[in-house]
Amino acid sequence: MQVVLQELIYDSLREGAVWPFDRRYLRPPHFHGQLECLLIRRGSATLHVATQTQIVRSGQLCWILPGVPHVMGDFSPDFDMWVVELDSALVDECWATIDAGGRAGDRGPFASWSLTLGEQLAGRAAVDVAAAVARQLDELAAGVWAATLAGEARSRLAGFGRLALRATLGNVATRRPISVGQLASCLLLASPSMSRAAAAAELGVSEGFLSRSFHKDLGVSFVEHRARTRVAHFLALVQAKEINFLHAALAAGFGSYSQFHRTFSRVSGSRPRDYLARGRRQSQLLVVDDHDSFGPGAVSILADGQRQLAPL
């Protein structure tokens, strides 16, 4: 099944957004240019991240790194969660308050935190958090959703990001050896210009072994995932600062503007300028009649006037 790029749909904030789960609104396998965090409030569901499948349940935080495809299904009747999207600039701000031993650098908007967070997750999307912390996160997410002032919403969103990152980095129970493919994806997120040879050398493996591991763990080739990662970098750069498309494309690791344009159009379904000009409120939302299936005829497009909530 084709994986599509889904842009963050902002409301009043540039730095991110929070939505309550509504099973009427689902997306087929997709990836974002932002860091996504799911706070499972009740029940359970199946979360597919790249080639990994995991049952997630109440009291867990689920992290999905930029560029990584994911989809959910098999929701229990009482399932509920918060969907939180964090722009790279806000994550950097939150990360600066955490003594996590992160590898800071100037290689791109994700460089300071992507390696440490990716290594901590070790391919496992969900981590358990203490009940008291889960309640705090729930209150912060609800505060963002209910806020009427942008400053109040941003403050609570940053609070959610800091607390969620601390809780994740302090969780040692779910640590396990990371695979070569997963670690290579983190290297790409930190440095999207990295070649397959350079990644293999840094990891101490052959290029062939890296290619096989990458496809096994991510479900795509090294080159394809690098293209998605570069698109995520481009979006972070144009959203966070005043920079033209050419400079952003080159900074994101593309060799030329024409290469960037072809890649962006392929993964998003539209030209870069059209994609961004639509506005986040104009992004198409998918309504799925059969909540756990994406079979023929199951998906329809909501008109703007019908839209109620932004989906996962």
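Below we go through confidence, the sheet, the helices and a few single residues.

User: Before anything else, what is the average pLDDT here?
Analyst: This is a predicted model. The protein averages a pLDDT of 79, and 77% of the residues score at least 70.

User: And where is the pLDDT below 50?
Analyst: That applies over residues 280–312. In the model this stretch still has 82 contacts beyond near neighbours in sequence.

User: Good to know. On to the sheet: what is the order of the five strands?
Analyst: The order is E2-E9-E4-E7-E10, in an open sheet with antiparallel pairing. The twist from one strand to the next averages 20°.

User: Which are the edge strands?
Analyst: E2 and strand E10 (126–128), each of which pairs on one side only.

User: How many bridges join E2 to E9?
Analyst: Five, and the two strands run antiparallel. As an example, Gly16 has Leu86 as its bridge partner in E9.

User: Which way do they point?
Analyst: Gly16, Val18 and Pro20 point one way, while Ala17 and Trp19 point the other way, and all of them are buried.

User: Which helix lies across E2?
Analyst: Helix H3 (residues 131–146), which runs at about 105° to E2. H3 also lies across strand E4 (35–42), E7 and E9.

User: Switching to helix packing: at what angle do H6 and H7 pack?
Analyst: Helix H6 (residues 196–203) and helix H7 (residues 207–218) pack at about 95°, and their axes are 9 Å apart. Angles of 65 to 115 degrees count as roughly perpendicular, so H6 and H7 are roughly perpendicular to each other.

User: Which residues make that contact?
Analyst: From H6 it is Arg196, Ala197, Ala199, Ala200 and Leu203, and from H7 it is Glu207, Leu210 and Ser211. By class, the contact of H6 with H7 has five nonpolar, one polar and two charged residues.

User: I also noticed Ser213. Where is it found, and is it buried or exposed?
Analyst: Ser213 is found in helix H7. Its relative accessible area is 12%, and buried means under 20%, so Ser213 is buried.

User: What is Ser213 in contact with?
Analyst: Leaving aside neighbours within four places in sequence, Ser213 is in contact with Val180 and Gly181.

User: Last topic, backbone angles. What is phi of Ala50?
Analyst: It is near 55°, a positive value in a residue other than glycine. For background, most residues other than glycine have a negative phi.

User: Where is Ala50 found?
Analyst: Ala50 is in the loop between strand E5 (44–49) and strand E6 (52–57). With a relative accessible area of 25%, Ala50 is partly exposed.

User: And what about phi of Asp74?
Analyst: Asp74 has a positive phi of about 55°, although it is not a glycine. Asp74 lies in the loop between strand E8 (70–73) and strand E9 (80–86), and at 48% relative accessibility Asp74 counts as partly exposed.

User: Great, thanks!

Notes. Residues numbered from 1 in each chain as written. Predicted model: local features only at pLDDT ≥ 70, side-chain atom pairs only at ≥ 80, totals over all residues. Heavy atoms only, no water. Helix = DSSP H or I, 4+ residues; strand = E, 2+ residues; numbered from the N terminus. Buried < 20%, exposed > 50% of the residue type's maximum accessible area, 1.4 Å probe, protein only. Axes fitted to C-alpha atoms, helices over the stretch in contact; angles between N-to-C directions. Parallel < 35°, antiparallel > 145°, perpendicular 65-115°, else oblique. Contact = heavy atoms within 4.5 Å. Nonpolar A, V, L, I, M, F, W, Y, C, P; charged D, E, K, R; others polar. Pairing = 2+ DSSP bridges. pLDDT = per-residue confidence, 0-100.
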